[in-house]
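My notes follow in the order I looked things up.

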Amino acid sequence: METENINIGLLGLGTVGTEVAYQLIHNNNIINNQKSKVQINLSKVLVNDINKKRPDFLPTDKITDNPNDILNDNNINLIVELIGGDQIALDMINQAVDKKVNIVTANKLIMSKYGHELLTRAKNNGILLLYEASVGAGIPIIGPLYHSLTANHINRINAIINGTTNYILSNMSTGTQTFENALKQAQNLGYAESDPTSDIEGIDAAYKLSILASIVLNNRITEEDVYREGITKLSAVDFKYAKDLGYTIKLLAIGELDPENVSLRVHPCLISNDHLLAKVEGVYNAIEIQGNPIGNIIFHGEGAGPKSTSSAILGDIISIANNISNKGANSPVNITDTTIRYIDYIHTSSSYYMRMSVQDKPGVLAEISSILGKYNISIASVLQTTHNQPDNIAELVMITHPAVVNNLNTAISQIEKSNQIKSVDSLVRIEDLN
Ligand code: HSE
């Protein structure tokens with residue numbers, strides 16, 4: 001077999017870019033990929049600051065701060081985009097598509113917002129755009145959805161796909177740690193960014209869920225189609241009550257994927273301690289796929305970090321090398337715009353956990369249950385304590401039977417208006433995953 005070359009232009013040299021560059025230079029299994037006989041070379045690396053000290057393993061003549069050194073180099077036939085964010089990264093990817101250069105990216109924001117258009121144009125131009133690292137880093141999920149699971153009717157995804165929030169919630173699960181402290185710890189360990197908004201508000205998870213849903217539904221789905229709540233309103237005491245009731249609190253990304261009744265949502269929820277997802281701790285990610293005929297399967301592993309992320313990126317690079325050597329430059333995608341119908345989140349039903357501070361006097365519980373009853377919400381259990389509460393105040397924790405979200409929201413706003421109720425402090429969906 002004749003030897004061909006893959007010449008890579010690497011965009012970005014952060015922690016992940018540095019690991020990818022190191023492996024491309026030093027890992028013989030990658031450089032001389034024996035299956036395809038394609039020689040993989042790292043040709044150029046684009047950096048922001050050319051004067052910054054770079055690792056010794058990287059020859060200085062490979063480094064540039066001029067994007068055109070990569071885009072105008074006709075020998076470069078694969079761009080690996082690890083800049084992150086949009087704007088510059090999107091501009092570079094667009095130019096690469098126009099020039100018919102294959103692309104590997106880890107960019108969840110771009111794949112969520114613009115993936116449909118980019119994949120369509122890539123396919124039309126006969127190039128590959130692979131993005132395994134954009135969801136769950138090295139956990140293989142995009143490849144399996146396109147390939148090994150493709151015979152399945154996938155009806156649901158339950159996923160923990162943000163390590164930062166899972167780390168924070170795991171720390172809070174002891175029932176003693178505040179959200180603020182847990183966040184600070186995550187920042188000190190380098191898991192959370194100095195501006196943690198995208199993680200703690202569920203935006204990052206919404207990007208990732210929309211990417212997975214768009215593959216399953218073979219449709220254009222962006223993060224705007226995902227209902228989203230973050231984790232900032234949870235208190236240590238909610239974890240204590242949840243534990244007493246047999247639950248744990250997780251930020252789940254949930255896709256209900258029957259095309260006639262699609263619901264995509266990212267929000268904290270109480271899940272039974274018996275479910276495997278309840279046991280996913282720290283920065284780990286896990287993605288449960290429920291499909292027919294496969295049944296339920298869970299992918300679990302490190303969902304961030306240079307080692308895990310580079311595994312997916314290098315895998316995509318080798319796939320492209322194999323594809324070039326097989327002369328079959330076909331994108332795995334065949335996007336259609338078949339009709340799907342979304343269920344509005346407020347019309348879904350669920351049991352709920354709620355915690356409120358109330359006046360400790362006769363008739364208060366009766367008033368609350370009467371408002372709930374008016375909106376067809378049935379109470380499944382009630383806990384009340386005056387321990388650690390101000391005088392004449394009680395803390396009330398209720399679990400409801402399944403109720404329509406819209407009814408629940410209306411009932412809560414009515415309850416909040418009562419002068420017997422000091423505050424409704426927590427309202428968390430209970431997700432029955434089985
Ligand atoms: N910020 C993400 C997380 C990692 O905490 O999981 C990159 O997707």
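I started with threonine 164, where a polar side-chain atom lies 2.5 Å from an oxygen atom of the ligand. The model is predicted, so I take this distance as computed. I then looked up lysine 108 and found a polar side-chain atom 2.8 Å from a ligand oxygen. For asparagine 162 the corresponding distance from a polar side-chain atom to an oxygen atom of the ligand is 3.4 Å. I also noted the ligand's area: taken alone it exposes 260 Å², and the protein buries 80% of that.

Next I listed the surroundings. The ligand is surrounded by Lys108, Asn162, Gly163, Thr164, Asp199, Asp204, Lys208 and Ala304. I sorted this shell by class and got four charged, three polar and one nonpolar residue. I asked which helices supply at least two residues of the shell each. They are α7, residues 163–172, and α10, residues 203–217. I checked the pockets as well, and the space taken by the ligand is the largest pocket.

I went back to lysine 108 for its charged partner. It forms a salt bridge with aspartate 204, with the closest N and O atoms 2.7 Å apart. Lysine 108 lies in helix α5 (residues 108–124) and aspartate 204 in helix α10, so this pair ties together parts that are 96 residues apart in sequence. Both residues are also among those that surround the ligand. For the whole model I recorded a count of 15 salt bridges.

I looked up where a cis peptide bond occurs and noted one that joins asparagine 292 and proline 293. Its omega is about 15 degrees. Proline 293 lies in the loop between β12, which covers 284–292, and β13, which covers 295–302.

I also looked at phi for glutamine 87. The value is positive, about 50 degrees, although this residue is not a glycine. I placed glutamine 87 in the loop between β5 (78–81) and α4 (88–98).

How values were computed: Residues numbered from 1 in each chain as written. Predicted model: local features only at pLDDT ≥ 70, side-chain atom pairs only at ≥ 80, totals over all residues. Heavy atoms only, no water. Near = heavy atom within 4 Å. Polar contact = N/O pair within 3.5 Å; in protein donor to acceptor, adjacent residues only side chain to side chain. Areas by Shrake-Rupley, 256 points an atom, 1.4 Å probe, with all protein chains shown as cover. 1 Å grid on protein atoms, 1.4 Å probe; cavity = no way out; pocket = protein on both sides within 12 Å on 5 of 7 lines; lining within 4 Å. Sits in = over half its atoms within 2 Å of the grid points. Helix = DSSP H or I, 4+ residues; strand = E, 2+ residues; numbered from the N terminus. Nonpolar A, V, L, I, M, F, W, Y, C, P; charged D, E, K, R; others polar. Salt bridge = Lys/Arg side-chain N within 4 Å of Asp/Glu carboxyl O.
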